[in-house]
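The sequence and structure are shown first.

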Amino acid sequence: MTTTVAVMGAGSWGTAFGSICADTGADVRLWARRPEVADTINAGLGNPEYLPDIGLNEALRATADPDEALSGADIVVLAVPSHALVESLAAWHALVPRDAVAVSLVKGIALDTGRWASEVIRDAWDLPDGRAVVASGPNLARECAQRFPSGTVVAGPDEAVCARVQAICHTPWFRVYTNPDRTGVEVGGAVKNAIALAAGMADGMGYGENTKAMLLTRGLAEMTRLGLALGGRAMTFAGLAGMGDLVATCTSSQSRNRHVGEQLGRGRPLQVIIDEMNMVAEGVKSSPAIAGIARDHDVEMPIVEHVVRVLHDGLDPQDMAVALMGRSPKSEFHGMEEARG
Ligand SMILES: NC(=O)C1=CN([C@@H]2O[C@H](COP(=O)(O)OP(=O)(O)OC[C@H]3O[C@@H](n4cnc5c(N)ncnc54)[C@H](OP(=O)(O)O)[C@@H]3O)[C@@H](O)[C@H]2O)C=CC1
Ligand SMILES: O=C(CO)COP(=O)(O)O
């Protein structure tokens, strides 16, 4: 039987993910906030604003009517930025079929609540815990839409539900793995954005590959410490949603978070950089929330803390580098054994 999938959000990743699901033969309805975006997709012209010059699966249907998108959906995919999640969930609650599975593509924290997206979705829609899953990995939307070989992780506590979601997005060019560690996967997706901001700053200041490698690896240590403290599994951070996404995001010229960091590293003001962009860089808003959660759990995240100070307290990226390098010497896996409890 054909699975009906509603993808709520027609930005770069929602559109690319919807096209991937259509590649598996699923019946996909993509919800776009603006009717003209839906019309352009339905006319076979793709989504030029977010994925210029990319052809989408022609079976992908778009609509600006949330009722039309959600009606009869077996699986509902949330692909709006984290700052819009709470209000969107509330607006769509009455339209969501009772037995639907929800999949979060959101790599951030619902800012209104300071909670992870899967928890917010589960509670807003009164779902059993196992029916709120997340999909996350090194998935630069443009490359996935181009059908370049990529991999992702579908994570949730109910293996059968994860397998259902895997079935609607696993293709010969998009490999989907399952993982029971939803917390770890969600921590990975959010923290890598903050680290990508730092990696971009290093690029913008003209530092080299050693600096990038150190930031990425010490960023992984911060992600792992926080994830373990919140109940995640160590292996998750060595996987696609941890190390994999850190590598993709910290090194790619396509990453919005790395781009913002690079511009900050060149001395440009944050608001000017953001005003020039038509897409979301989740780390700008979620970094303070991540730092807050870390403090609440006594987890040290010096890179994330300094990123927050650059973004929101006017710290100069050059001074961030001096401050991070000037910290007292440590053992490499400091804080990880303790975090595991
Ligand atoms: N892009 C990527 O490569 C990847 C992104 N992600 C994650 O996916 C999530 C979605 O990001 P992405 O697709 O990249 O975002 P984009 O910035 O590309 O697009 C944002 C989308 O959300 C819509 N939107 C913006 N504000 C609101 C609002 N208040 N209410 C409803 N809809 C709104 C936009 O509509 P409009 O066009 O009308 O403004 C647009 O369709 C993020 O959490 C991101 O981190 C995960 C993996 C890869
Ligand atoms: O999550 C992503 C790649 O996996 C996209 O990263 P950016 O949001 O920084 O573009």
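The largest nonpolar core has 114 residues, and those with the most contacts inside it are Met 8, Val 77, Leu 78, Val 165 and Ile 195. Such a core is a set of buried Ala, Val, Leu, Ile, Met, Phe, Trp, Tyr and Cys residues joined through C-beta atoms within 7 Å. Helix α8 (residues 182-204) supplies the largest share of this core, 12 residues. Because domain 1 (4-180) and domain 2 (183-326) both give residues to the core, it lies between them; the domain bounds come from an automatic or database domain assignment.

This is a predicted model, in which local features need pLDDT of at least 70 and side-chain atom pairs count only at pLDDT 80 or more, while totals for chains, interfaces and linings use all residues. Residues are numbered from 1 along each chain as its sequence is written, and chains are lettered from A and ligands numbered from 1 in the order in which they are written.

An unreviewed UniProt entry lists Lys 107, Arg 256 and Asn 257 under "binding site"; such annotations may be inferred rather than shown by experiment. The three span 151 residues in sequence, yet no two of their C-alpha atoms are more than 12.5 Å apart, so they gather at one spot.

The table gives their burial, where buried denotes 20 or more other C-beta atoms within 10 Å of the residue's own, with C-beta atoms placed from the backbone.

| Residue | C-beta neighbours within 10 Å | Class |
|---|---|---|
| Arg 256 | 24 within 10 Å | buried |

Conventions:
A residue is buried if 20 or more other C-beta atoms lie within 10 Å of its own, exposed if 12 or fewer, and partly exposed in between; C-beta atoms are placed from the backbone. Helices (H or I, at least four residues) and strands (E, at least two) are DSSP runs, numbered from the N terminus.
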